[in-house]
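Please look through the sequence and the structure below, and then follow the charged pairs and the ligand site in turn.

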Amino acid sequence: MMKDLGPHGYVEDRSPGSGRLRPRAAFVSDLPAIALDGNWRFRLASGLDDLTGDFAAPDFDDSAWDLLAVPSCWQMAGLPGEPRYGAPAYTNILYPFPVDPPRVPRQNPTGEYRRVFEVPDGFPAADAVLRFEGVDSAFAVWLNGIRLGDGKGSRLTTEFDVCDVLRPGRNVLAVRVHQWSSGSYLEDQDMWWLSGIFRSVSVAACGVRDFFVHAAYDHTTGQGTLAVDVTAPTPVSLSVPELGISGADPAGPHVIDGVEPWSDEKPRLYSGELVSEAGERIPLRIGFRTVAVVDGVLTVNGRPISLRGVNRHEWHPLTGRTLAEDVMLADVVLMKQHNINAVRTSHYPPDRRFLDLCDEHGLWVFCEGDLETHGFEPGGWRHNPSDDPAWREAILDRTERLVERDKNHPSVIVWSLGNESGTGANLAAAAVWIRDRDRSRLIHYEGDYRSCAYVDLYSQMYIGLDALAAVGRGQEPPTADPADDAHRRALPAVLCEYGHAMGTGPGGLSEYQQIIEAHPRLAGGFIWEWIDHGIARLSGRAESEFFYAYGGDFGEEVHDGNFVADGLLFPDRTPSPGLIEFKKVIEPVRIHIDPTARQISVHNLHHVRDTSYLAFQWSVEDGGEAVGSGGLTVPATAPGERTAVGWPADLTAALDAARKEGSGQEVWLTLTAVLAADETWASAGHEIAWSQGLVAASAAPAAFTRAPAITRDRDIAVGRSRFDARSGQLIRLGDLDLDGPRLDVWRAPIDNDLLNAFGEPQVSAWLAAGLHRMRHDVLGVEPDASGVTVTARLAAAGSSSGLDVVYRWSAGVGPEAGRNRLRLETTVTPDGAWPAPLPRLGISLSLPGDDADVEWFGLGPGEAYRDARAGARVGRHRSTVTAMQTPYVRPQENGNRHLVRHARITTPDGSLCITGDPVIDLTVRPWSTAALTAAAHPYELVRDGRLHLHLDHAHHGLGSAACGPGPSAPHVLAAVPTVFSVEFSTSR
Ligand code: GAL
């Protein structure tokens, strides 16, 4: 028997809604409006069988109902404590209900909302609309007991005509919101499932219905052409005083000489106004720009653009997908501050105010439709709405609402049909509709990458370096249809997603960027993704201690764990090391230092900006201590150009002095390019680009005379060091108690080790080889006249392969060894089969302590790994063990300091100094690797009273295999015979 939903049939039918007004542009006017945001009465029904029959009646008594904020997501209420209404649930691909379209479960949590509001006398109720900017997922609306209609399309605006129903004085709005609906099948984006009226609601007087600003720029003449199509009941005039347009016919076209075009770098907006004969005034912000594909290259205003972008979901750890305007502004400002110039609004149109901010501060936008049907893929795309005529209206409706709402934003240069919805006639129809409506922008849809039949960009996600380079060269494999092939080969290419920023990493961003910059066809791309969608929750352990929850933390039946935490920002919007890396990799100005020629060259990669907005500064550090700094005059360099300048006299003098009277340590020249004046998104002095050059290498360390080993009862003394005579372990160095070091190859797997969207995760081979349970067996301890030799084998139970290791210890005697210098040379020889790379290759040791000050000379200040080290610079850095832990939402290997020349770890018991030969990777933690491996959330990590040190010869690269390629060949850590050395001492 078919389920009969009676009056609630709209929940499951495929229609996009009923009773709604035609979609139109989002704009503000000076006509009165009543904001309905605030506390509403709320009741959560468990499903259609549990509804409140007369809840829409104006006199219904709702005084016993709860109060819930509108806008908000109801599952977020109560957090960071216990969720009050249902709970958030996370899946990436799978629908969290049986796939039986368009039906959804009868147990369908349904929010009943009521709001009483006053309409002041004089409010033009006869021309008013009721506007919902975002309701997830389907809803029906009653005003004063009269049903206005229903809607779907969660991230799209829905408007109802209320002119016959709205009245002066008391009005009662009742809205029923269903968590699941046929629309849920079109909204399978990789994110938390959240419900409710999550964007603003208002009643607004309506005069001018709609308008479409066409503002093109002709780079050959410098002319702008402005035409505004207006739909209004009375005549409307256009004024743009700056352009000499006053009271003109909006349709024009108005051709203006010498306009300044809009771009991400110079977001020039002209203020204008539409004024209707009825007296309504609508402010306009007009940006002139022309998007075109020229010879297969993506251009704006006649110049190629390179997208240095991110995919942005709307997220806040306490409010979910409801964002306050200051949060949107924070996103835009953080993007601009990190050299990001483009956003893909994955995978739905954002809050309309976000696009205003993009117009204002300058970001290229790929504005994406609210569409994803990924959950049909596991079923072989059977019943996929994208290709089913029954869903055509729903899909076209979403496309129209996307374009109509956001069509007046100069920042929007591309319409994206949606994400991961397979292919099909409905998508093709959506593209046809857009082309007909708006020829000024390009059409994007990645899911059609095989044919690209209905798109204007060849878009792919997560492809590897070789495949990307092949696309750049125009040598991608052919499509099935020759006509499609010819079309696709003529298209610019973009990476709509790459550099999956999940957990530690991503690695390889520099490699991607090099390829992007080498091929004009490659228009750049968008990192996946901007922010971790962690949800703040109390740990319940210590008062007000909270953590960021991910999939499974709310007891979901099906979920995808921490795949939801894959952003460049941590949930609280703190930049992760990945963002620091990305900022450096995409810097729009490249500075190159040539110490031999004593020259600096500047390469301007901007689209339109010359370098005169930057101030260049130099500083010189000797062994990490500043010895001089000053300004550098670089002539304004045009976009695409390079300028070389010689070193200024004060820099040369500082370097010569450092060389002559220097410390014998490395001398580094650092150049920075900072904002010369305030921008809307950062203050003067904000750094845009930097570079370093080694101008003097360090002197070779003094050799020392080796002390003989003296064997006593249970230990062996070498200089001021003590070794356990049986285990060969170093137990004391000077006055410091130590334990270790031992060869160590295991790292707490990073997400890119644990997951692989396209194959076998790296960790499988590691676990099969037993790398997480290696046993260290000492085979011999041999003291001699110049030190101690310890031989051992690191191998796993059941495995016939092992790593043979020889530790050769020597300590210094004589005056030059006053620092208790103790040298360890470690020789590793793999024995047997080692088909997989090693996670790491180094030694680990521990010493007593909860925390320590750490100072090091090497890359910093943040973590860096071999394939994610562009953002770290050589210098003397100071931190603490606590601060050196990177708070990934799921604990994993983190916090490595790369290419460390020397370090000092100071505990209350004394200082341990470490010197690389010449460099070593350094990690210090207040917990063991085993504890880090076992923890699912940061609060589960408990200090164990020891400081765990890793001194690594090398790490396996990070890559981005969780969704994308693993580390590239140069960053794979093969098990091969290796010798590395490190020196310990107790003071420097
Ligand atoms: C892509 C998808 C994104 C996200 C990402 C992995 O396939 O478009 O929405 O799921 O993978 O994090």
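**Salt bridges and the ligand site**

The side chains of D737 and R732 meet in a salt bridge with an N to O distance of 2.3 Å, where a salt bridge is a side-chain nitrogen of Lys or Arg within 4 Å of a carboxyl oxygen of Asp or Glu. The model is predicted, and local features need pLDDT of at least 70, side-chain atom pairs count only at pLDDT 80 or more, and totals for chains, interfaces and linings use all residues. Residues are numbered from 1 along each chain as its sequence is written, and side-chain values use heavy atoms, with hydrogens and water left out.

Side chains of opposite charge can pair when their charged atoms come close. Across the whole structure, a search finds 65 salt bridges. One of them joins R437 to E404, with the closest N and O atoms 2.7 Å apart; because R437 lies in helix α4 (residues 425–437) and E404 in helix α3 (residues 392–406), the pair ties together parts that are 33 residues apart in sequence, helices being DSSP runs of H or I with at least four residues, numbered from the N terminus. Salt bridges also link D136, R155, E187, R321, D370 and R398 in a network.

Turning to the ligand, 13 residues surround it, and the closest are D190, H347, E420, E497 and H500, counting residues with a heavy atom within 4 Å. A polar side-chain atom of E420 lies 2.4 Å from an oxygen atom of the ligand, while for H347 the corresponding distance to a ligand oxygen atom is 2.6 Å.

Methods:
Polar contact = N/O pair within 3.5 Å; in protein donor to acceptor, adjacent residues only side chain to side chain. Helix = DSSP H or I, 4+ residues; strand = E, 2+ residues; numbered from the N terminus.
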